[in-house]
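Please open the structure in your viewer and keep the selection panel at hand.

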Amino acid sequence: MTDAIDYARYDRIRPIRWTGEALELLDQRKLPFATDYVTCTDSDAVAAAIHALAVRGAPAIGIAAAWGAVLAARDIEADDAAQAAERLEPALQRLNAARPTAVNLAWALARMRAALFRAQAGEGSDWRAALEAEARAIETEDLAANHAMGVLGASLIEAGSGVLTHCNTGSLATAGFGTALGVIRAGVAQGRVERVYAGETRPWNQGARLTVWELQEDGIDATLIADAAASHLMKGGGVQWVVVGADRICANGDVANKIGTYQLAIAARHHGVKFMVVAPSSTVDMDTASGDLIEIEERDPAELLAAGGSRTVAEGVQAWNPVFDVTPAALVDAIVTERGIVERPDLSGMQALFGR
Ligand SMILES: CSC[C@@H](O)[C@@H](O)C(=O)COP(=O)(O)O
């Protein structure tokens, strides 16, 4: 078993490209059959792309929002960083409102505000350059965090294991390599992960359209399952770990992630399958005490009423479409971040790694 991972192998998918003039976002609504980029030349276009899921995944929407702030800075005049901060605020608020659940969005925008504050305090007088440098740093640090988490998370997995993942947590959802998918990539490279299963992730099908495509691009064999097949898979001994990402991890270790994650955690505990959450520290929200306090995004019920653009449900039927759920900390075996691992998370374990 080797720890050497050829990261360059996983660099081909680039969901977020800054050209120096515009932000190009790989349109994830069209994958896997078309690789078109949406070109954003102002911050409201970035907010719209985040809301419409052209770009998605907690770290990726934080990175996109940071570049959105850089674009917003081009549309204002200001004498200094303090005035810029004031004039940028409406655009930052609109970016922040694009999606409510993933804390990475607010986290990235807070970093952009802090960069302006430092510019104001005289640490580099060019506040536009300071914003651009901060957006780049957010992206670079996310990639480094993913590489670190991949190896850390894989170290928990016994050689020859099967894993089940949910939603898409790969290069498409991050600056590259991925969170949960990074652990799977590292685990496959090291011979720890022998079988990979991905749930479809209805209704938007991130697992079916994105995750198995990413793995296919890597040459990693993966088996798609219907979301409803997960318990049956666990009962048969096909998987030893469920490995998922997160949109927000609370101070007590509760985890918000894609709808369906909670029922996977319940099924995993019932079958003696381990449950791992992999996320950068930018997803940890020590200001939110527990999962009950997280706003869960509800999207258009129309997403449930059709498949591939064709209506599948009788006219007049109503649907409810919450797109995230909260897994209680008690069902989580390990939270893996670039700072380290919290096993059997609770408030004191989270505080030991993240302070407060
Ligand atoms: C590294 S991505 C982690 C999470 O953001 C992911 O699991 C997820 O729930 C994404 O939801 P999405 O609605 O596709 O943005």
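Begin by selecting helix α9, residues 261-271, which lies across β9 and β14 and runs at about 35° to β14. Bear in mind throughout that this is a predicted model.

Widening the view brings in an open sheet of 4 strands in the order β11-β8-β9-β14, whose pairing is mixed.

Next, colour the chain by domain, with 7-145 as domain 1 and 148-354 as domain 2. Taken over C-alpha atoms, the centres of domain 1 and domain 2 are separated by 24 Å, and 30 residues of domain 1 are in contact with 34 residues of domain 2. On the domain 1 side of this contact, the elements that give two or more residues are α2 (58-74), α4 and α5, and the residues of that side divide into 18 nonpolar, 5 polar and 7 charged.

Finally, select α4 (residues 103-120) together with α5 (residues 127-154), which pack at an angle of about 145° with their axes 9 Å apart; their crossing is right-handed. To see the side chains involved, show Ala108, Arg111, Met112, Ala115, Leu116, Arg118 and Ala119 in α4, which meet Trp127, Ala130, Leu131, Glu134 and Ile138 in α5. The residues of this contact divide into 9 nonpolar, no polar and 3 charged.

How values were computed: Residues are numbered from 1 along each chain as its sequence is written. This is a predicted model: local features need pLDDT of at least 70, side-chain atom pairs count only at pLDDT 80 or more; totals for chains, interfaces and linings use all residues. Axes are lines fitted to C-alpha atoms, for helices over the stretch in contact, and angles run from 0 to 180 degrees between N-to-C directions. A crossing is left-handed if the near helix is turned anticlockwise from the far one by less than a right angle, and right-handed if clockwise. Two residues are in contact if their C-beta atoms, placed from the backbone, lie within 7 Å. Ala, Val, Leu, Ile, Met, Phe, Trp, Tyr, Cys and Pro count as nonpolar, Asp, Glu, Lys and Arg as charged, and the others, Gly among them, as polar. Domain bounds come from an automatic or database domain assignment. Two strands pair if DSSP finds at least two bridges between them.
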